[in-house]
Amino acid sequence: MSAHLVLPWPPSILSPNARCHWRKSAPIRAKYRQDCYLMAKASGLQAPDGDGQILWVVEFIRPDRRHYDDDNLLGRIKALRDGVADALGVNDRRFVTQFSISDEVVKGGAVRVSINLRGVAA
């Protein structure tokens with residue numbers, strides 16, 4: 001069984017390459033985390049039983065035709081990941097991540113997340 005969420009594109013200030021003072025990015029990071037938490041909570045998502053790994057599949061839907069590098073995108077969604085983990089009531093260290101960058105372009109961008117609620121197959 002898996003659950004699917006469509007979450008907002010991460011603000012550019014959350015990029016590891018943004019190089020801004022933490023005081024400037026902290027409120028934006030906190031709001032993004034809270035927004036993702038609320039969206040995940042509203043979806044009715046439930047954590048799987050036990051304490052095993054959870055497969056976390058992320059697809060980045062770009063807001064424009066620019067090319068984004070994968071490690072920066074993963075860094076930008078740390079607050080998203082924490083917000084979803086909070087909504088599930090789990091530690092995000094349980095997540096095993098697979099990701100892709102879609103050729104699709106959507107106004108404003110989006111992050112599609114699929115969570116395998118049965119955990120990771122051995």
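## Contacts and the model

Two residues are said to be in contact when heavy atoms of one lie within 4.5 Å of heavy atoms of the other. This report uses that term in describing a predicted model of a protein.

## Overall architecture

The secondary structure of the protein consists of 3 helices and 4 strands. Read from the N terminus, these elements follow the order β-α-β-α-α-β-β. The radius of gyration is 14 Å, close to the 14 Å that the globule rule gives for 122 residues, so the protein is as compact as a globular protein of that length.

The C-alpha trace spans about 40 × 35 × 25 Å along its principal axes. Of the 122 residues, 39% are buried. The protein exposes about 7200 Å², and carbon and sulfur atoms supply 51% of this area. Among contacts with a separation of 6 or more, 85% are made by residues 24 or more positions apart.

## The sheet

The 4 strands form an open sheet in the order β1-β4-β2-β3, and their pairing is mixed. Strands β1 (2-8) and β3 (95-105) stand at the edges with a single partner strand each, so one side of each has no neighbour in the sheet. From one strand to the next, the twist averages 20°.

Strand β2 (residues 54-62) and strand β4 (residues 110-116) provide an example of pairing within this sheet: they run in the antiparallel sense and are joined over 7 bridges. Opposite Ser114 in β4 stands Val57. Helix α1 (residues 22-42) packs on the sheet, where it touches β1 and β4. The direction of helix α1 makes about 145° with that of β1.

A single residue may now be considered in detail. Ala79 is found in helix α3, which covers residues 78-88. Is Ala79 buried or exposed? Its relative accessible area is 5%. The cut-off for a buried residue is under 20%, and Ala79 is therefore classed as buried.

Which residues does Ala79 touch, not counting those up to four places away in sequence? They are Arg29, Tyr32 and Arg33. The position of Ala79 may also be described relative to Ala30: these two residues are 49 residues apart along the chain, and their C-alpha atoms are separated by 7.3 Å.

Terms used. Residues are numbered from 1 along each chain as its sequence is written. This is a predicted model: local features need pLDDT of at least 70, side-chain atom pairs count only at pLDDT 80 or more; totals for chains, interfaces and linings use all residues. Side-chain values use heavy atoms; hydrogens and water are left out. Two strands pair if DSSP finds at least two bridges between them. Helices (H or I, at least four residues) and strands (E, at least two) are DSSP runs, numbered from the N terminus. Axes are lines fitted to C-alpha atoms, for helices over the stretch in contact, and angles run from 0 to 180 degrees between N-to-C directions. The radius of gyration is taken over C-alpha atoms; the globule rule is 2.2 Å times the number of residues to the power 0.38. Buried means under 20% relative accessible area, exposed over 50%, partly exposed in between (1.4 Å probe, protein chains only). Accessible areas come from the Shrake-Rupley method with a 1.4 Å probe; for residues, only the protein chains shown count as cover.
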